[in-house]
Amino acid sequence: MGFLTTQDEQAVKKEFEKIAGPVTLTVFASELGPENNAQAVSLIREVAALSDRITVKLMNPHIERDEAATYGISVTPVVVVEGAKDYGIRFLGTPAGYEFSNLIDAIVAVSSGAAELKDETRAALAGLTEDVTIKVFATPT
């Protein structure tokens, strides 16, 4: 049984009409890892099947060590969301529940490569003098 209901699939397909360019979802997971590795792979495959502009790459970080190091992967599962380039968007764990809508939004956002930010936000970001890493933690409920 899949993760998505028919209603979910219809809503995601509607959002995916906004996809402007190709998107790659790279899933780092290990068959020897926790159960959520298989769950993440299944969910990402379901999501990718809803648009011909999404490609899925499966990587085992224990085998593809160079790729895992390039992406900064040290735990599994991790889903990397890339458009024309890597914007650093990572989902650790299975992006379900509250994180699911963020996954869909991230896919649409990286497809165009354009951030929808207010002018004030762009000005504030332009004033940064160092790279910034933002981590958002979500607790399953």
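**Stop 1: the sheet**

Start with the 4 strands, which make an open sheet with mixed pairing, ordered β2-β1-β3-β4. From one strand to the next, the twist averages 20°. Strands here are DSSP E runs of at least two residues, helices are H or I runs of at least four, and both are numbered from the N terminus; two strands pair if DSSP finds at least two bridges between them.

This is a predicted model, so local features need pLDDT of at least 70 and side-chain atom pairs pLDDT 80 or more, while totals for chains, interfaces and linings use all residues. Residues count from 1 along each chain as its sequence is written, and side-chain values use heavy atoms, without hydrogens or water.

**Stop 2: the hairpin**

Now pick β3 (residues 78–82): 5 bridges tie it to β4, and the two run antiparallel. Together β3 and β4 form a hairpin with 3 residues between them. Click Val80 and look across to its bridge partner in β4, Arg90.

**Stop 3: the helices**

Next, select α4 (residues 98–112), which lies across β1 (23–28), β2, β3 and β4 and runs at about 165° to β4. Angles, from 0 to 180 degrees, are between N-to-C directions of axes fitted to C-alpha atoms, for helices over the stretch in contact.

Finally, show side chains: Leu43, Ile44 and Val47 of α2 meet Phe100, Leu103, Ile104 and Ile107 of α4, with contact meaning heavy atoms within 4.5 Å.
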